[in-house]
Amino acid sequence: MIKEDSLPANGMNILYCGDRNIEDGLILSVLSLLKHTAEPLHIYVMTMELTLGERGIQPVSQGTIQYLDHYVKRENLNNSVTCIDATKLFQAEPPRANLETRFTPCCMLRLYADQVPDLPERLLYLDNDVLCRQDCSAFYHQDMEGCELAGVPDYYGRWFFRRHLLHMDYVNSGVLLLNLSRIRETGLFARCRALCREKQMFMPDQSAINKLAQSKKLRKRAYNEQRRLHRDTVFQHFTTSFRFFPWLHTLTVKPWQIEQVHEKLKLYEYDDLFQEYTAVTAAMKG
């Protein structure tokens, strides 16, 4: 549990969720934030340990958390990386209907953030395959009065899963600015957890959030670019996309797959970041 007197008074509060498999992406994403953020970064990592049949889920390692905390403090002593063990929270309300789907249970950990009473009221949630490309302060500090969350329409889902025929309101959950105080008031995450417990869904956490959110702000593509890099891109999200040449197929390349980023995406924008990432991971292993 986070002590109340340890909470940040200013800066950006960033939330990541997942198991040990997110570590490569976590490191890269944090490094990208360091590069483009002038104010203090307070990074929270929700993780857990779980056994599902013969499959075991291991938490993000303390070694990774400690090294990242040490590394971010080299840039600014007010920076921090804090680990939150959400195992008991998850076990108390497991999303039973979605435990055996192709979507890892850890993708639903963000739905337990309201159960951690000392988390800051404003949190920027990022998937581990999201890179920050330029200053994100305008998105982070936007007015959230009376609003549960802010996000960007899902590139494909906005066409297929929208609730209103003329209004593309289906958001991608990889980049979400969360107003936890409002979420606790409306019970959004509690209702999402109940839905995930009772109903099997495609992309369960994202589906639940979109179905049950009462008040959300839709922001421009630049804050969650899910397709191709543009000049104004602030966050690039390395999601699965469709390609039509030379045949219709899907393409999934994650940012830590550096050779594939070069070869398949023809993307060299982050080479300086990749160089730092390679040095950091080598130092952690050494």
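Predicted model: local features only at pLDDT ≥ 70, side-chain atom pairs only at ≥ 80, totals over all residues.
1. In which sense do E6 and E9 pair, and over how many bridges? E6 and E9 pair in the antiparallel sense, over five bridges. Two strands count as paired if DSSP finds at least two bridges between them. Helices (H or I, at least four residues) and strands (E, at least two) are DSSP runs, numbered from the N terminus.

2. Residues are numbered from 1 along each chain as its sequence is written, and side-chain values use heavy atoms, with hydrogens and water left out.

3. On confidence, pLDDT is the predictor's confidence in each residue, from 0 to 100. The protein chain has an average pLDDT of 90, and 89% of the residues score at least 70. Over residues 1-8, however, pLDDT stays under 50. For residues 1-8 the model has 18 contacts beyond four places in sequence, where contact means heavy atoms within 4.5 Å.

4. The strands E6 and E9 belong to an open sheet of seven strands, with the order E5-E2-E1-E6-E9-E8-E10 and mixed pairing. Its edge strands are E5 (80-85) and E10 (216-218), each of which pairs on one side only. From one strand to the next, the twist averages 25°. Axes are lines fitted to C-alpha atoms, for helices over the stretch in contact, and angles run from 0 to 180 degrees between N-to-C directions.

5. Strand E6 (residues 122-126) also pairs with strand E1 (residues 12-17), here in the parallel sense and over two bridges. Leu 15 stands opposite Tyr 125 in E6, and Ile 14 has Leu 124 as its bridge partner in E6. Strand E6 is mostly covered, since four of its five residues are buried. Buried means under 20% relative accessible area, exposed means over 50%, and partly exposed lies in between (1.4 Å probe, protein chains only).

6. Leu 41 is found in strand E2 and is buried, with a relative accessible area of 2%. Leu 41 touches residues beyond four places away in sequence, among them Met 12, Ile 14, Leu 33 and Ser 80. Leu 41 and Asn 10 are 31 residues apart in sequence and 8.9 Å apart in space, C-alpha to C-alpha.

7. Helix H2 (residues 62-75) lies across strand E2 (41-47) and E5, running at about 155° to E5. Helix H8 (residues 204-212) packs on the sheet and touches strands E8 (149-153), E9 (171-179) and E10, its direction making about 60° with that of E9. Eight of the nine residues of H8 are buried, so this helix is largely enclosed by the rest of the structure. The buried residues of H8 include Pro 204, Ile 209 and Leu 212. The buried residues of H8 pack against E8, E9, helix H7 (188-198) and E10.

8. The structure holds 12 salt bridges, each being a side-chain nitrogen of Lys or Arg within 4 Å of a carboxyl oxygen of Asp or Glu. Side chains of opposite charge can pair when their charged atoms come close. Because Lys 73 and Asp 69 are four residues apart in helix H2, about one helical turn separates them. Lys 73 is partly exposed, with a relative accessible area of 28%.

9. Glu 93 forms a salt bridge with Arg 193, the closest N and O atoms being 3.0 Å apart. Glu 93 lies in the loop between helix H3 (87-92) and E6 and Arg 193 in helix H7, so the pair ties together parts that are 100 residues apart in sequence. Arg 193 is buried, with a relative accessible area of 3%. The side chains of Asp 114 and Arg 193 also meet in a salt bridge (2.7 Å, N to O). This pair links distant parts of the chain, 79 residues apart, with Asp 114 in the loop between H3 and E6 and Arg 193 in helix H7. Both Asp 114 and Arg 193 are buried. Salt bridges that share partners join Glu 93, Asp 114, Arg 193 and Arg 197 into one network.
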